[in-house]
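Biologist: Hello! I am new to this structure and would like a friendly tour of its contacts. Could you show it to me before we talk?

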Amino acid sequence: MPAQGQSQRGFSLIEFMVAMTLGLILIAGAVSVYLATKRSYTEVEQVASLAENSRFALQVLNDSLRHAGFFGGAHPRDIEPDASLGAVTGDCTGDASFLNVASYLRAIAPTTAVAFGCVTDALPAAGGMPREVLVVKQVLPRPLYDRDPDDASAAVDGVISFPAALNAQETYIIANSERGLLLDGADTAPDVRPGNAFALAAAWPYRLQVYYIRNLPTPTLSRRVLSWDTTAGAMAMTTEDLVPGVESLRFRFGVDANNNGEVDRFMNVAQMTSAPAMWDSVEAVEVSMLLRAPAEDPSYQDQKTYNVGGVTVAPGGNWRRQLLQTNVSLRNPKLMIRGGL
């Protein structure tokens, strides 16, 4: 304690101002570190989200395209619709209809929200940004048989029931190596015992998928798919949203012009549309896709240009983006072409 009568002395103005200055420097440093950390976290989060969405988008498209034209051993031209097959709600039109199995791969570049008659909410091309629509038809690799194919002693009664009976909420292609039948699972399947037209045939779940960019507040890679609509209680074309943030989608098709089993050149949608017979010669598909992050980042300015399947775009803005490109070999069409079928 100070001696009695000794005056107590506080901080001088200069000392106070120095202390304030040092304090502000420390606070400014802490704020700067926080903002830098936040920017870094935002960037890492957006890049990670882009990478995850990119992987999923490519996985879905690759899986569909690799199975394009696969109908369980039957040639697409040899598959006919069953006489009792009912209409599908929201079915596509023309070559894209679920009935036209032979047209297993088609694409267009719509100028409006409508594409193939079954898509009504597509985001059309704008500002030079290509946005195309792709139709893929195939069967799922989940066949049903008359009996266990690995059990030679199993009873054969001609009824497809292994490992389960036909599902009334599915559409199937009943196929052997000679012919196929497009059939509603609720209808009676043909006898598949030897000696009949569909001898040793299996039932494969049939899928029609239409990929496009859906016009939502965040443009989204979506697809219209042939599946059971629980509300309608019937087979219908239903919508599945797959990947948000897809701004551009473009396809080029590897064509085998001389039927030797090798791609000779790649053609875009406009070229394929002007030469529709070339669809039967497609052996590969080049997929180009431009994705953006889930949210804008005010601290980032996109000044890049992107080559989306041969089209250069410069969208700008405060979005982080990633350009994807992959080539998918169509194994089943290639086998048919090489076999002269």
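Biologist: To begin with the rings, how many aromatic pairs does the count come to?
Modeller: This is a predicted model, in which local features need pLDDT of at least 70, side-chain atom pairs count only at pLDDT 80 or more, and totals for chains, interfaces and linings use all residues. Residues are numbered from 1 along each chain as its sequence is written, and side-chain values use heavy atoms, with hydrogens and water left out. Rings of Phe, Tyr and Trp (its six-membered ring) pair if their centres lie within 6.5 Å; planes under 30 degrees apart count as stacked, over 60 as edge-to-face and the rest as tilted. By that rule, the count is two aromatic pairs.

Biologist: Which kind of pair do Phe70 and Trp204 make?
Modeller: A pair of aromatic rings is described by the distance of the centres and the angle of the planes. For Phe70 and Trp204 the centres are 5.3 Å apart and the planes stand at 85 degrees, so this pair is edge-to-face.

Biologist: How many residues apart in sequence are the parts that Phe70 and Trp204 tie together?
Modeller: Helices (H or I, at least four residues) and strands (E, at least two) are DSSP runs, numbered from the N terminus. Phe70 is in the loop between α1 (13-66) and β1 (79-81), while Trp204 belongs to strand β6 (residues 202-214). The pair therefore ties together parts whose separation in sequence is 134 residues.

Biologist: Is Trp204 buried or exposed?
Modeller: Buried means under 20% relative accessible area, exposed over 50%, and partly exposed in between (1.4 Å probe, protein chains only). Trp204 has 11% relative accessibility, so it counts as buried.

Biologist: And which kind of pair do Phe253 and Trp279 make?
Modeller: Phe253 is buried, and so is Trp279. Their ring centres are 4.9 Å apart and their planes are at 75 degrees, so the pair is edge-to-face.

Biologist: Where does Trp279 lie?
Modeller: Its partner Phe253 is in strand β9 (residues 246-255), and the pair ties together parts 26 residues apart in sequence. Trp279 itself is in the loop between α2 (269-274) and β11 (282-292).

Biologist: Which ring has the charged end of Arg320 over it?
Modeller: A charge sits over a ring if NZ of Lys or CZ of Arg is within 6 Å of the ring centre and within 35 degrees of the ring normal. Arg292 lies over the face of Trp319, 3.9 Å from the ring centre. For Arg320, the charged end is 4.5 Å from the centre of the ring of Tyr300.

Biologist: Now the cysteines: which residue does a disulfide join to Cys92?
Modeller: A disulfide is a pair of cysteine sulfur atoms within 2.5 Å, and the count by this rule comes to one disulfide. The S to S distance is 2.0 Å, and the partner of Cys92 is Cys118.

Biologist: How many residues apart are Cys92 and Cys118?
Modeller: Cys92 lies in the loop between β1 and β2 (105-108), and Cys118 in the loop between β2 and β3 (133-139). Cys92 is buried, as is Cys118. This pair links distant parts of the chain, at a separation of 26 residues.

Biologist: How many salt bridges does the structure hold?
Modeller: A salt bridge is a side-chain nitrogen of Lys or Arg within 4 Å of a carboxyl oxygen of Asp or Glu. With this rule, the structure holds a total of 14 salt bridges.

Biologist: What is the distance between the closest N and O atoms of Arg214 and Asp121?
Modeller: The two residues link distant parts of the chain, 93 residues apart, with Arg214 in strand β6 and Asp121 in the loop between β2 and β3. Arg214 also forms a salt bridge with Asp241, where the closest N and O atoms are 2.9 Å apart. For Arg214 and Asp121, the closest N and O atoms are separated by 2.7 Å.

Biologist: Which residue does Glu170 meet in a salt bridge?
Modeller: Glu170 counts as buried because its relative accessibility is 11%. The N to O distance of its salt bridge is 3.0 Å, and the partner is Arg207.

Biologist: Last one: which peptide bond is cis?
Modeller: Pro163 lies in the loop between β3 and β4. With omega near -5 degrees, the cis bond is the one from Phe162 to Pro163.
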